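Me: I'd like to learn how to read a structure like this one. Could you walk me through it step by step?

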Amino acid sequence: MSRPYVGILLDNIIYNGIPRGRTGFEHLSFYEEAGIMYDFIPCFFRIQDIEPRGNQVQAYVKGENNKYMKQSVPIPRVIHNRALFNSNSDYKKVQQLMNNGIIVFNIKNRYRKILVHEILLKNNELHKHLPMTLIADENNILQMLENYDSLIIKPNNSSLGLGVMLISKEDDEYKWAFRNRATKKYESLTFGNQLPQNLLDILRKRTFLVQQRIPLASYQGNPFDLRVSVQKNQTGHWQVTGIVGKVANGGNYVTNVARGGKVYPLDVLLEGKNLNKDQVYKAIEKFSLQAAEQLSSELSGLADLGMDIGITEEGFPMFIECNARDLRITFRNAKMESTWKATHTTPLAYAKYLLDTLY
Ligand SMILES: Nc1ncnc2c1ncn2[C@@H]1O[C@H](COP(=O)(O)OP(=O)(O)OP(=O)(O)O)[C@@H](O)[C@H]1O
Ligand SMILES: [Mg+2]
């Protein structure tokens, strides 16, 4: 049998960069290597290139001259989605493909944080790893302040660290720290037993969560957390492909690279701490795999997760959030080349596993 195609669905902007070799965070040559490893041909297209009733799709395929050429190929039976869909019609299209027996994984890759939290809460074994979390309204925040000295308030959907705020107790007062959207600078305001009106105004405009602030372990005086790549592999099971640390930029309380966070391999961050590295890795792995299993029991088609996981100074893993389309670049930025590559090839190993279930 000739080598089958495996599809990779991309966003417009990445797709348009293919002829010039400018594909941003998608490193196409890693997908090509996976194609050689697993004996299939990767091809790249967008959702708008698909005509679900048709049999063919116009896709970029690497030619013998090492250049990408557009060509008409049979719609692949297995497709790895890397795009964010914006409209219901995109989802409908994917649904039609699935109805025709085509497997698309990672279809939906944005979930509200409260939904993820609620699914994880259903598993008792995970409770101790979940910070107390409620929808952020006046009552819930005041109630949480009775139990915790420090709270994080963050948007229910994606923010790249932008909308994340902190409330912390200082003597008899509280300090509210936030990023001023106009000046782009961090500011703070103190208050007593009533929440500042500005905060209440912000909470009215968008849904936020209020969380117990996890006492994150620190590196050179700044808190850090981890990006953990949890992916399905060639056996169809979840694996931890890589762990990388993100350290908050001087004095900040968010570690996002988009907010100046610096990235390091976890080994570096654990140096000088009185912890057993193997045990810390094992604990993170165990929790991440359990969390991935739990999430995929309710959210269909998950195969490629980028979890934000904090550890306490004792090395205990605490869940922060789960991204269902990790851009994977944290690994490149931390100079973890082989892990960065593995975050691309592992989902295609899973694609191979899926192909084998079909033929
Ligand atoms: N409960 C918490 N305790 C301590 N730090 C937290 C907590 N929640 C968030 N943070 C800090 O804020 C950062 C950003 O929060 P989070 O990862 O939940 O959202 P986000 O990255 O802004 O969202 P998205 O990835 O969807 O853009 C985290 O990486 C962490 O450094
Ligand atoms: Mg995050």
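Reply: Happy to; we will go through the domains, an interface, the ligand and the salt bridges. This is a predicted model, where local features need pLDDT of at least 70, side-chain atom pairs count only at pLDDT 80 or more, and totals for chains, interfaces and linings use all residues. Residues are numbered from 1 along each chain as its sequence is written, chains are lettered from A and ligands numbered from 1 in the order in which they are written, and side-chain values use heavy atoms, with hydrogens and water left out.

Me: Into which domains is the protein chain divided?

Reply: Domain bounds come from an automatic or database domain assignment. Here we get domain 1 (5-105), domain 2 (113-129 + 216-358) and domain 3 (133-212). The C-alpha centres of domain 2 and domain 3 are 25 Å apart. Their contact (heavy atoms within 4.5 Å) involves ten residues of domain 2 and 20 residues of domain 3.

Me: How much area do domain 2 and domain 3 bury between them?

Reply: The size of an interface is often given as the accessible area lost when the parts come together. Buried area is that loss for a 1.4 Å probe, summed over both parts. For domain 2 and domain 3 the figure is about 1,200 Å², with 56% of it on carbon and sulfur atoms. On the domain 2 side, Lys113, Tyr253 and Arg259 supply 54% of the area buried against domain 3, more than any other three residues.

Me: How many residue pairs are in polar contact across that interface?

Reply: A polar contact is a pair of N or O atoms within 3.5 Å; within protein, one must be able to donate a hydrogen and the other to accept it, and residues adjacent in sequence count only if both atoms are side-chain atoms. Six residue pairs qualify between domain 2 and domain 3, both residues at pLDDT 80 or more.

Me: Which residues are closest to ligand 1?

Reply: A residue is near a molecule if one of its heavy atoms lies within 4 Å of it. Ligand 1 is surrounded by 23 residues, the closest being Ser159, Leu160, Gly161, Asp225 and Glu321. A backbone N or O atom of Leu160 sits 2.5 Å from an oxygen atom of ligand 1, while a polar side-chain atom of Thr255 is 3.0 Å from an oxygen atom of the ligand. A polar backbone atom of Ile214 lies 2.8 Å from a nitrogen atom of ligand 1.

Me: And how many salt bridges does the structure hold?

Reply: A salt bridge is a side-chain nitrogen of Lys or Arg within 4 Å of a carboxyl oxygen of Asp or Glu. The structure has 16 of them, but the count between domain 2 and domain 3 is zero. One example pairs Arg3 with Asp39, their closest N and O atoms being 3.6 Å apart.

Key:
Buried area is the accessible area (1.4 Å probe) that two parts lose on being put together, summed over both.
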